[in-house]
There are 2 protein chains.
Amino acid sequence: MNKETLIQVHEKVKPYVHRTPVLTSELINDMCGSKIFFKCENFQKMGAFKMRGAANAILSLSEEERQRGVVTHSSGNFAQAVSLAAQKLDVKAYIVMPENAPQVKKNGVKTYEGEIIECESTPQAREATANRIKEEKGAAFLHPSNQDEVIYGNSTAAIELLEEFPELDIIITPIGGGGLIAGTALAAHHFSKNCKVIGGEPMEADDAYRSLISGKIETNDSFHTVADGLRTHLGDRNFPIIQKYIEKIIRVEEEEIVNAMRLIWERLKIIIEPSSAVPFAALLKEKNEFKNKNVGIIISGGNVDLKNLPF
Amino acid sequence: MNKETLIQVHEKVKPYVHRTPVLTSELINDMCGSKIFFKCENFQKMGAFKMRGAANAILSLSEEERQRGVVTHSSGNFAQAVSLAAQKLDVKAYIVMPENAPQVKKNGVKTYEGEIIECESTPQAREATANRIKEEKGAAFLHPSNQDEVIYGNSTAAIELLEEFPELDIIITPIGGGGLIAGTALAAHHFSKNCKVIGGEPMEADDAYRSLISGKIETNDSFHTVADGLRTHLGDRNFPIIQKYIEKIIRVEEEEIVNAMRLIWERLKIIIEPSSAVPFAALLKEKNEFKNKNVGIIISGGNVDLKNLPF
């Protein structure tokens, strides 16, 4: 994969995604002693950066593959992203979801005409059901984070950010499945002189932090974090990129995530999901390291249940 | 007042305000059958359009007047706007507030170094206290909505919107004290070919609606509306402008305001205060009238207590 590949990916997905705005706040900058540029993927179509990876993955299929449809198992933003990207490209989307998934998530998929296939609420059942659809329909399987086309699609958020602010010293993203930070790391490597990439991760699901230390993919025994989008693990496609290119991972406590989220709601006046507050929480935690630096933060999404806020 | 005056006002306030972004949503457009352009004054400095009027009012004072300071009585956004504009212009701001005003509002003023003068919680006490400060300090009194310089300053939000989208058929704003809609009406009159201006007003505080019918300024006996920024009356400076230039006022129920607010939070992913949802509620209520039209909506502000949401 070289720079030219990413340029082509960006051109390819442009018609299907928003070029999201970058917001700043004098008050937040004064508070932190750094200049922060928030790339607002919460304003992306369907409300999250996942649209970029999903669009690129479907666009990368052959005409024949597209006719057989796509399948994924996700109950989160990727389910909606695949549904919407597929709808726009006139491709059938099969979304495997646990039968007890919240109605609001099912409705999100239905809005974009994704076909929901219910299964038991275990990882095994989800995989088995997705495999069955793959067999029966010949549908192409799309992984939420551990697939090259998805990672390359995700990189376009940071490419846009660096196009507008080439003087960034650091970009911070949340780290869950690893697809966003891997894409961001590739973008920084190819589209900046010396911009570092740092991950923010909940202490309660710090598998990526531990994976970097041990040198192999670690998992979590539990996911007691408010950052629901980050309750997942790295994969074999994104882990090597993360190992190679990212500077480090800063871990944050639950209270720090909620405080950072509230600050962004109050000061930037934008709605972000808990996972998206993790990079800003990381910056606040290690303020001194970012002093007088130009810092990009990727606000990954804004899909949050207004009836169930953490504050 | 002519077009040249407003151009000069805009040039004058530009260094002190943000040029706020304009957001759109395909989903909302599809739902309404019109193309809606949301001018996001919730992203304005201190979180509301009031910054524009306050900045222009202070900039319009002589050097001598500025040295004696400014005074206003407000417990809402205008108090913060005057404090911040005065701080930026190195002018002393005296803010008269009822002693029982919420601490969060007092803190907002203190953040921007406004000096709070407490008084009893009656309109009489507020006016008497402001008058006392005027006498004692020689401070210039600034009215939140009923003063020419404030109205002209407010007009700059619609001027920017029309610069970017000259093909707008209609602009809708909330109507409370009347300062925003009067400024918007002047902007539409001078900066568009044929853009109409419509007001959205809570049924529970429909003094402006009744004033247009009776031809004189009416008041409300009560203000049982969630739209806290609209619990006020028209004044003798803005009412004639409203009479002359605005198309009509659409009144909305409380439930319609809350539903419109929730839709904007969920779909646009931005934080707006209840008053700012009133124009969108008006559009939703009379959808057919706006069908296939290009509609600008001024999102007046985003200062809301996250611990006390109406949904």
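Start by selecting B:Phe37, which is buried at 6% relative accessibility (buried means under 20% relative accessible area, exposed over 50%, partly exposed in between, with a 1.4 Å probe and protein chains only). This is a predicted model, in which local features need pLDDT of at least 70, side-chain atom pairs count only at pLDDT 80 or more, and totals for chains, interfaces and linings use all residues. Residues are numbered from 1 along each chain as its sequence is written, chains are lettered from A and ligands numbered from 1 in the order in which they are written, and side-chain values use heavy atoms, leaving out hydrogens and water.

Now for the rings. Over all chains, the structure holds seven aromatic pairs (rings of Phe, Tyr and Trp, the last by its six-membered ring, pair if their centres lie within 6.5 Å; planes under 30 degrees apart count as stacked, over 60 as edge-to-face and the rest as tilted).

Go to chain A and pick A:Phe38 with A:Phe280: this pair is edge-to-face, 5.8 Å centre to centre, with 75° between the planes. A:Phe38 is buried at 0% relative accessibility, and A:Phe280 is buried with a relative accessible area of 0%.

B:Phe165 is buried, with a relative accessible area of 18%.

Next, show A:Trp265, A:Phe311, B:Trp265 and B:Phe311 together; they form one aromatic cluster.

Finish on B:Arg251, whose charged end sits over the ring of B:Tyr209, 3.7 Å from its centre (NZ of Lys or CZ of Arg within 6 Å of the ring centre and within 35 degrees of the ring normal).
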